[in-house]
Amino acid sequence: MLAVSDLKIHYRTLAGAVKALDGVSFSVADGEIMGLAGESGCGKSTLGKALIRLEERMQYVGGQVVLDDKVLPIADDRAMNPYRFSEVSIVPQYAMSALNPTRRIGRMIDELLDARGLKGSTLRPELERRLAILGLTPDVLGMYPIELSGGMKQRVVMVLSTLLDPSLLIADEVTSALDVASQKKVAGALVEFRDRGYVKSMIVVTHDLAILAQVADSIMIMYAGKLAEKAPTRTIVEAPAHPYTRLLLGSLPEVGIRFEEQRLPGIKGRPPSLLSPPTGCRFRDRCPLAFGKCVEEPPFIEIAPGHQVACWKADAHAQG
Amino acid sequence: MLRYLARKLFIYLLTFIVAVTIDWAIPRFMPGNPVDALVSRIALMPDANAALTSYFMAAFNLDQPLWQQYLNFWWALLNGDLGRSIMLFPTPVTTLIGRALPYTLGLLLPSILLSWYVGNVVGALAARRKLLDNTVLPLGYLLTATPYMWLGILLAWVLGSSLGWFPLAFGYDQSLKAEWTWKFISSLLYHWILPFASLFLVALGGWAIGMRNMIIYELESDYANYLMALGAPQRLVRKYAFRNAMLPQITGLALQLGAVVGGALVTEIVFSYPGLGWLVLSGIQNQDYFVIQGVFLFIIVGVLLANLIVDVVYVIVDPRTRVGLQGDAA
């Protein structure tokens, strides 16, 4: 079980601190695959990275991350090391280039496991078994990354990242660089690994809501460094409460509509700058429902079991 | 792999033929005639001069047409004959080169290999320590921008002439006989230090800067980030980064060889060091076609051979080139 409370992460830039995560609180239950979606720059990737390893220019400002009743020392790179890979793991966005090009894959994995104080040879049978689940033969362990296709590398990385049965897996844009057929396979693999208990819970970061509809149990929508809405996938798709979620869904293509005849609606305007974000609801400038109260910041509250929204009009909307 | 090697060997053979042809042609473009110089040194009666000149011209085959000389040259070369020196007649050029070669190799091999190794280690260390980086970087730029002979002259002036710590010239103390005694060997080493240091230092700067930049690049690469996200210790990540950063440095070594050899020739002249550089200088001053040809031939062969070795080593250490050779793997 993952519980994040009031997490704040800023980026150091020459112009000042970019508040990429500005007080984010949510939880992910055991066995839950949570989709994390939003526009570019909304903070979803920052959140994913913050849970495992802060980049150099990312600055921890406040908040707490608790995984299985242990507080993760996310601000301390060294203290975080024992938790990485074994408790929290990641399938990175750049899975195609995540393997050292000059080492045979099997040897690289052995060296990594040895460096973590584990014996690579004892884990070898399990490694081969899991590769087989994703349709890879043990031969790939004797190959260099360049000998594998992009999709194969992606699957190798998925197997490696989950080899130690982490409690939490962050899948960062894992389907973005793949063709539709491979996307489906990867999405299926994520669910399969959860069902087999290799991973307890999962956060799937993506901008692709269609993929989330296939794999996620719940979906969390972010906007401009804050949470907008979190709900079970069905609820998000069928009865979204936040106006941003509804506009986001509305801008997706639907089967059977010819877009030569009908323009796909987008969301007018652009997200606010996170260098000096406005007070109150951050979506209010683009929101069709904005009214006087929106100058105050709406709290992220539960309007139905498992359904949280940060919008003053959410209640009225969910019912209406 | 074999096809790759065969192709490489073919290219090297072509390069060799072209280089040797240029090597043969260049001394003959020089104004004047070596035999005139030789004869004028003997300084006899004018009519005796004429007879001697035609005798020597025939002896060196210089009276034949140029194309014939060119063919003769290749024929002799394939039989391992580089001709006889004109200035030190009748010593064979191979003997002269054999005498000078150990000095040049003794300078070149340690300075190339040590500067490459030390430069890579220093650069890799600098990439992760701010304090070291702040000294290595400017110093490296300064060294690598220094011409070989200029640093040689500077060292000779400060450490040799002003402070008197090191000898200024020659391969060993001229009062000693060349023999395998400790006294002679220590004299050899003593005379070797300054020319070695000037070659070593100039090359060191370039390697250190290159390695520092490559390491920083590798440490920011995706595979390094992934390893760190999986909690790999810094030791492992740096080991990989060092190894991968080494690859461009190996190519760099091949590219640098020619420049270092050129630098060594000039440095030998600065220190009157009895190597190939010194030999080729006196060859040029005396218009000794055969000595000039012979020395440059050695340098051509040496540089080509070293490049070939680097090519083979590169294929062994970088799997990506190997896969490329076999065509795309399925």
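Two strands pair if DSSP finds at least two bridges between them. Helices (H or I, at least four residues) and strands (E, at least two) are DSSP runs, numbered from the N terminus. This is a predicted model, in which local features need pLDDT of at least 70, side-chain atom pairs count only at pLDDT 80 or more, and totals for chains, interfaces and linings use all residues. Residues are numbered from 1 along each chain as its sequence is written, chains are lettered from A and ligands numbered from 1 in the order in which they are written, and side-chain values use heavy atoms, with hydrogens and water left out.

**A strand in chain A**

Strand 6 (residues 88–91) of chain A pairs with strand 7 (residues 168–172) of chain A in the parallel sense, over 4 bridges. I90(A) stands opposite I170(A) in strand 7 of chain A. Both faces of strand 6 of chain A are covered. V88(A) and I90(A) on one side are buried, as are S89(A) and V91(A) on the other. Buried means under 20% relative accessible area, exposed over 50%, partly exposed in between (1.4 Å probe, protein chains only).

Contact here means heavy atoms within 4.5 Å. The contacts in the table leave aside neighbours within four places in sequence.

| Residue | Location | Relative accessibility | Contacts |
|---|---|---|---|
| S111(B) | helix 5 (residues 93–126) of chain B | 1% | F196(B), L199(B), F200(B) |
| T245(A) | helix 9 (residues 243–250) of chain A | 1% | I221(A), E229(A), I236(A), P240(A) |

The side chain of S111(B) reaches the backbone oxygen of L107(B) at 2.7 Å. A polar atom of that side chain also lies 3.0 Å from the backbone oxygen of L108(B).

**Where the chains meet**

The size of an interface is often given as the accessible area lost when the parts come together. Between chain A and chain B the buried area (accessible area, 1.4 Å probe, that two parts lose on being put together, summed over both) is about 2400 Å². Carbon and sulfur atoms give 60% of that area. In chain A, R53(A), Y94(A) and T102(A) lose the most area to chain B, together 22% of what that side buries. The contact takes 28 residues from chain A and 23 residues from chain B.

How many salt bridges are there between chain A and chain B? The count is 1. E111(A) forms a salt bridge with K239(B), with the closest N and O atoms 3.6 Å apart. A salt bridge is a side-chain nitrogen of Lys or Arg within 4 Å of a carboxyl oxygen of Asp or Glu.

How values were computed. A polar contact is a pair of N or O atoms within 3.5 Å; within protein, one must be able to donate a hydrogen and the other to accept it, and residues adjacent in sequence count only if both atoms are side-chain atoms.
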